[in-house]
Amino acid sequence: MNIILHDLEAHLTFAPLTLTRPVGNLRMGIFTNDERWKNYCSAASVSFKTEDYLSGKFPCETKADNFWVNAAVVPNQTLADMVSELNSGEALYVNNQFIAYRGSEYGRGARIDKTLEDLIVLKHRWDIFGLNDKVLKNDFDWVKANRNGVQLDTSNQFIGSADQLFIEEGAIVQGAILNTTTGPIYVGKHAEIMEGSIVRGGLALCEHAALKLGSKVYGATTIGPYCKVGGEVNNVVFYAYSNKGHDGFLGNSVIGEWCNLGADTNTSNLKNNYGFVSTYDYKTKKFEKTDIQFMGLVMGDHSKSGINTMFNTAAVVGVSSTIFGAGFPPKFIPNFSWGGFDNELFQFELALLAANNMMSRRGLQLSDEEKSILKRISNI
């Protein structure tokens with residue numbers, strides 16, 4: 001089964017996160033969406049139909065028989081089974097939403113209509129944290145059904161149902177307070193919850209990630225692989241290799257890969273008048289009003305904030321920007337910004353040096369494909 005996750009012109013809908021990855025590689029819950037399709041269709045190969053400049057890192061691998069899948073759809077086993085049952089030339093619609101087409105080339109074909117109560121489709125970038133609770137619960141159920149966990153160390157205080165806690169082999173959890181009454185808690189392989197941390201689920205702490213000493217976490221929160229997080233977080237999704245190692249509040253936010261929030265970085269996630277927020281839209285290139293009250297920070301890959309940075313409600317930071325200075329930065333900060341206040345450019349070669357300096361601490365470096373992606377973004 002050859003699955004191709006198609007952006008379907010939603011590339012800018014989830015920017016700045018999708019400036020450096022396809023829609024099908026977005027992270028929520030415990031997994032990225034391409035990992036999730038592999039979980040439910042174990043024999044499948046998965047690739048991406050996305051922007052040309054991303055295809056070097058995320059290629060589209062076509063065969064004579066392909067399943068072209070809406071990349072913004074978050075699958076469960078029932079939906080995956082519906083897709084796998086398609087005949088060539090058929091297009092699946094669920095709840096009047098296009099899901100998938102089977103054929104050698106992408107198309108819409110003979111329409112097959114079905115219904116599903118728990119269909120999850122991402123329509124806005126804030127759905128990544130807004131729908132994280134539902135996605136995390138589904139992912140947790142898959143993990144429980146397909147993996148074997150280990151017992152919680154007796155040094156911890158546990159509140160809630162034991163079947164809502166799953167700890168992978170090699171994880172370290174000691175001297176913490178864990179509460180699963182509001183959602184499941186997943187601790188990945190070789191992840192660590194340090195002493196004094198207080199966690200109220202749902203939480204997905206992915207492999208090799210760490211909650212620092214005395215952290216306070218409210219669900220639904222995802223901390224991606226190799227991230228280090230401290231302070232207070234509430235309903236946040238971190239992608240891989242990002243750090244918030246110190247005190248400061250972060251709520252209703254999404255942080256991309258290789259980001260770092262300096263000590264006492266804080267975000268506002270609610271307007272003083274309790275009204276609906278407006279946020280920058282990469283499609284219209286202006287601020288658009290939303291229908292939600294709570295929204296913190298969305299930060300693109302390789303961006304950083306200096307100590308004591310204060311972000312406004314519904315702030316958006318692009319890729320490879322470094323934010324510092326007194327007062328609140330603007331609500332929208334473009335790619336490759338330096339400081340964030342005076343439209344000063346973070347020179348491309350210096351941005352690459354900063355990225356590689358951070359990555360080298362984890363034994364990694366930018367690939368040629370990643371450099372090419374960043375070069376393209378620097379010219380947007």
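**Gly 256**

I began with Gly 256, which I found in the loop between strand S25 (249–255) and strand S26 (260–261); strands here are DSSP runs of E of at least two residues, helices are runs of H or I of at least four, and both are numbered from the N terminus. The model is a predicted one, in which local features need pLDDT of at least 70 and side-chain atom pairs count only at pLDDT 80 or more, while totals for chains, interfaces and linings use all residues. Residues are numbered from 1 along each chain as its sequence is written, and side-chain values use heavy atoms, with hydrogens and water left out.

Is Gly 256 buried or exposed? I noted a relative accessible area of 0%, so Gly 256 is buried (buried means under 20% relative accessible area, exposed over 50%, and partly exposed in between, with a 1.4 Å probe and protein chains only). Leaving aside neighbours within four places in sequence, I listed its contacts as Leu 17, Tyr 239, Ala 240, Ser 242, Met 299 and Asp 301, where contact means heavy atoms within 4.5 Å. I also looked up the C-alpha separation between Gly 256 and Asn 146, which are 110 residues apart along the chain, and it is 28 Å.

**The six-stranded sheet**

I then traced an open sheet of 6 strands, with the order S4-S1-S5-S8-S7-S9 and mixed pairing; two strands pair if DSSP finds at least two bridges between them. The edges are strand S4 (45–49) and strand S9 (110–114), each of which pairs on one side only. From one strand to the next the twist averages 25°, with axes taken as lines fitted to C-alpha atoms (for helices over the stretch in contact) and angles running from 0 to 180 degrees between N-to-C directions.

Packed on this sheet I found helix H2 (residues 77–84), which touches S5, strand S7 (90–94), strand S8 (97–103) and S9, and whose direction makes about 155° with that of S7. Within the sheet, strand S1 (residues 2–6) and strand S5 (residues 66–70) run parallel and are joined by 4 bridges, and Ile 4 stands opposite Trp 68 in S5.

**Asn 70 and Phe 98**

What does the side chain of Asn 70 reach? I found the backbone oxygen of Phe 98 at 3.1 Å, a polar contact being a pair of N or O atoms within 3.5 Å, of which, within protein, one must be able to donate a hydrogen and the other to accept it, while residues adjacent in sequence count only if both atoms are side-chain atoms. Not counting residues up to four places away in sequence, Asn 70 touches His 6, Leu 8, Gln 97, Phe 98 and Ile 99.

Phe 98 is itself buried, at a relative accessible area of 4%, and Arg 108 lies over the face of its ring, at 3.8 Å from the ring centre (a charge sits over a ring if NZ of Lys or CZ of Arg is within 6 Å of the ring centre and within 35 degrees of the ring normal).

**Aromatic pairs**

My search of the whole structure for aromatic pairs returned 15; rings of Phe, Tyr and Trp (its six-membered ring) pair if their centres lie within 6.5 Å, and planes under 30 degrees apart count as stacked, over 60 as edge-to-face and the rest as tilted. Phe 48 and Phe 58 form an edge-to-face pair, 5.6 Å centre to centre with 85° between the planes. Because Phe 48 lies in strand S4 and Phe 58 in the loop between S4 and S5, this pair ties together parts that are 10 residues apart in sequence. Phe 48 counts as buried at 7% relative accessibility, as does Phe 58 at 9%.

Phe 98 and Tyr 106 also make an edge-to-face pair, at 6.2 Å centre to centre and 80° between the planes, and here Tyr 106 counts as partly exposed at 31% relative accessibility. I noted that ring pairs link Trp 68, Tyr 93, Phe 98 and Tyr 106 into a cluster.

**Thr 222**

My last entry concerns Thr 222 in strand S21 (residues 221–223), which counts as buried at 0% relative accessibility. Its side chain reaches the backbone oxygen of Gly 29 at 2.8 Å.
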